[in-house]
Number of protein chains: 2
Amino acid sequence: MSLLLTGIAELTTNDPARGDGHADRGDALLGVVRDAALVVSADGLVEWVGPADEAPDADTRRDLGGRAVIPGFVDSHTHLVFAGDRSAEFAARMTGTPYDGGGIAVSVAATRAASDDELRALVAARVAEMRAQGTTTVEIKSGYGLTLDDELRSLRIAREVTSHTTFLGAHVVPPEYASDRAAYVDLVTGPMLDAVTADGPTSLAESIDVFCEPHSAHAFDGDEARTILEAGRAAGLALRVHGNQLGPGPGVRLACELGARSVDHCTFLDDADVEALAAARGTTVATLLPGVEFSTRSPYPDGRALIDAGVDVALASDCNPGTCYSSSIPFAIALAVREMGMTPAEALHAATAVSARSLGLDRRIAPGQPAELAVIDAPSHLHLAYRAGVPIVRALDL
Amino acid sequence: MSLLLTGIAELTTNDPARGDGHADRGDALLGVVRDAALVVSADGLVEWVGPADEAPDADTRRDLGGRAVIPGFVDSHTHLVFAGDRSAEFAARMTGTPYDGGGIAVSVAATRAASDDELRALVAARVAEMRAQGTTTVEIKSGYGLTLDDELRSLRIAREVTSHTTFLGAHVVPPEYASDRAAYVDLVTGPMLDAVTADGPTSLAESIDVFCEPHSAHAFDGDEARTILEAGRAAGLALRVHGNQLGPGPGVRLACELGARSVDHCTFLDDADVEALAAARGTTVATLLPGVEFSTRSPYPDGRALIDAGVDVALASDCNPGTCYSSSIPFAIALAVREMGMTPAEALHAATAVSARSLGLDRRIAPGQPAELAVIDAPSHLHLAYRAGVPIVRALDL
């Protein structure tokens with residue numbers, strides 16, 4: 001049965017063909033239609049989009065009561081497969097203990113010790129929590145297993161809830177390899193990668209990722225990261241990179257050089273990094289994760305400068321137990337506006353259209369597209385940042 | 001029927017007699033009991049508190065599944081009685097338009113134009129939204145009416161949902177009095193105050209408040225504020241002050257001198273202000289409103305320094321359409337920890353015990369006290385800041 005949605009005060013389509021109206025609200029960027037309606041087909045695809053007074057009939061209808069509708073958030077960077085509680089590490093960091101990535105080993109130990117069903121229940125609860133906050137598409141990385149079996153298990157559990165899985169065996173060097181890093185890189189690029197791609201290149205993981213960070217003794221330097229990414233590319237995986245999170249480094253330029261879909265964090269950039277990102281526009285997205293800067297009391301990346309330089313900027317949560325246990329994209333949007341100089345429209349676009357592109361997706365609300373929608377208890381998308389911290393947006397169940 | 005609550009991984013009682021356990025988690029300050037139970041009487045009072053293995057029987061029982069329970073948040077500073085939408089003003093401010101209080105007139109016009117039932121519905125929705133985020137007690141100010149009738153109407157509507165109402169006729173000088181400020185002060189301290197207290201000093205308002213701010217042409221200077229507060233005190237109202245929000249000024253010292261229950265904002269303080277607040281400990285609370293600094297891109301007050309100086313520090317939302325349309329106390333707690341150097345325990349204490357004191361309330365979980373509780377979808381209060389932006393706390397319906 002087709003469904004007609006009415007009572008939409010403002011519809012963000014992300015379709016440039018539709019943008020008009022208030023320039024200062026970013027209507028052109030967001031492809032905003034005011035007083036809109038939407039028809040969804042029985043199989044969950046958008047059939048028709050336009051002004052309410054031109055809407056066709058449908059089998060059933062639902063009135064959204066003057067709310068705003070947006071594309072569901074695409075959270076393109078998360079680490080949801082983990083067990084254990086690191087809240088005390090957070091509290092210690094807030095009173096002065098610095099973050100260097102070492103706490104990841106705590107989550108690795110707890111994750112290895114958890115049963116499949118325990119991990120499955122934790123992931124399901126986190127995905128449900130995200131959906132309740134407007135996220136309809138989620139990428140999930142492995143990286144708290146760090147043995148062949150535990151990485152495979154993490155990816156299998158992630159794949160049960162999303163096709164956007166990322167092999168992050170190169171999250172950190174696990175403690176048992178601390179004195180022989182090369183052997184761990186060999187394990188990641190050899191047996192682990194072989195097992196991940198055994199049933200076909202993307203049977204278990206869509207992408208490969210590496211925490212490239214010379215400022216952490218636990219993470220990987222530029223040469224190690226290149227080895228890992230090139231092996232992943234040769235095996236048929238798309239590339240993602242954790243780059244320039246804790247200080248300047250080679251991660252961003254390496255990602256751009258290798259044609260990664262995304263380089264994430266981008267907290268410490270120099271001019272050459274920004275130029276590389278601008279030159280990689282259309283290929284490599286800079287995914288900013290301001291919840292991490294919030295939760296580690298780091299300076300924020302300059303989102304404004306990146307956009308002005310012509311960089312494709314996405315926003316994601318980085319939901320993880322160490323540096324940001326926030327799954328809230330509205331919170332990331334509010335931080336992008338408050339701390340990174342992005343407009344409310346740019347921030348919403350970054351958390352939908354651009355983050356989608358970094359996963360190879362088209363996230364417009366247009367005929368033929370999946371009706372992955374979120375609804376805001378407010379008349380416009382401006383309220384996402386205006387009402388910081390308040391849960392006013394949720395995925396729309398059709 | 002009495003109710004036994006079990007499955008409480010961590011209970012914050014705010015009762016200093018109970019504090020023990022982890023010093024670095026603030027257990028002493030919060031009076032934490034781990035693996036706790038609670039008996040609530042048929043009339044909603046706490047009957048018994050203690051370790052679960054010592055719990056008495058009750059008529060019914062409910063298992064909270066290993067969650068943390070805290071006293072419900074006391075939001076001691078809100079402006080919930082308003083109509084209209086100022087999200088575009090927020091968006092403009094985020095791209096550079098400074099805040100000077102002038103936008104209040106926009107809300108005044110919309111509020112005057114709204115019907116009683118419209119205002120009532122708006123207030124009810126906002127209180128419900130706050131309860132869904134863990135707030136069980138709310139103070140509500142008038143101040144978007146600014147005529148005798150509209151201020152009375154605002155207070156009557158607020159009093160329908162809380163006894164903690166505050167007369168804020170002195171929010172700003174309304175446009176129609178811009179050329180005769182003294183006449184407006186006379187109106188506030190004369191006919192308005194007479195009407196507010198006509199049926200007894202606290203029949204309609206518990207407190208009087210003034211926006212003391214020499215840096216805004218719309219607000220009141222120190223002499224005007226003193227006149228208003230002294231008139232309110234003479235009429236039998238408790239005193240509250242908006243002080244030192246936009247720059248240094250006389251508000252904080254005036255509040256301390258006059259024995260106000262609270263002086264709110266405290267964004268720009270000098271040493272003499274801090275000394276006055278420390279000397280007023282036990283009488284005047286400094287209520288910090290970090291959602292305002294977030295939403296106006298202002299520097300944050302130094303909560304750490306205030307606590308270290310011996311000042312009673314409370315946290316509240318300041319939920320209002322201009323400078324902070326966030327009703328989220330968890331968000332304020334996360335900001336207090338990230339931006340103001342407060343520990344998670346100090347922030348929770350500030351948003352419950354200390355904010356309660358500023359309303360003349362005792363907000364401990366102890367026998368004989370009202371069972372105003374909130375429950376966290378996590379095993380400890382640390383998660384309130386650790387999981388910034390995620391809606392994990394709600395008022396507990398008994």
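This is a predicted model: local features need pLDDT of at least 70, side-chain atom pairs count only at pLDDT 80 or more; totals for chains, interfaces and linings use all residues.
1. Strands here are DSSP runs of E with at least two residues, numbered from the N terminus.

2. Is B:Asp397 buried or exposed? It counts as exposed, because its relative accessibility is 51% and the cut-off for that label is over 50%. Beyond residues up to four places away in sequence, B:Asp397 touches B:Arg62 and B:Arg131. With B:Arg131 there is a side-chain to side-chain polar contact at 2.8 Å.

3. Over in chain A, have a look at A:Arg153, which belongs to helix α5 (residues 148-159). This arginine counts as buried, because its relative accessibility is 12%. A polar atom of the A:Arg153 side chain lies 2.9 Å from the backbone oxygen of A:Thr111. Leaving out neighbours within four places in sequence, the contacts of A:Arg153 include A:Arg112, A:Asp116 and A:Leu119.

4. Then there's a helix pair, also in chain A: the axes of α6 (residues 181-196) and α7 (residues 222-234) come within 10 Å and cross at roughly 10°. The two therefore count as roughly parallel. On the α6(A) side the contact involves A:Arg181, A:Val185, A:Val188, A:Thr189 and A:Leu193, while α7(A) brings A:Glu224, A:Thr227, A:Ile228, A:Ala231 and A:Gly232. By class, that's five nonpolar, three polar and two charged residues.

Terms used:
Residues are numbered from 1 along each chain as its sequence is written. Chains are lettered from A and ligands numbered from 1 in the order in which they are written. Side-chain values use heavy atoms; hydrogens and water are left out. Helices (H or I, at least four residues) and strands (E, at least two) are DSSP runs, numbered from the N terminus. Buried means under 20% relative accessible area, exposed over 50%, partly exposed in between (1.4 Å probe, protein chains only). A polar contact is a pair of N or O atoms within 3.5 Å; within protein, one must be able to donate a hydrogen and the other to accept it, and residues adjacent in sequence count only if both atoms are side-chain atoms. Contact means heavy atoms within 4.5 Å. Axes are lines fitted to C-alpha atoms, for helices over the stretch in contact, and angles run from 0 to 180 degrees between N-to-C directions. Angles under 35 degrees count as roughly parallel, over 145 as roughly antiparallel, 65 to 115 as roughly perpendicular and the rest as oblique. Ala, Val, Leu, Ile, Met, Phe, Trp, Tyr, Cys and Pro count as nonpolar, Asp, Glu, Lys and Arg as charged, and the others, Gly among them, as polar.
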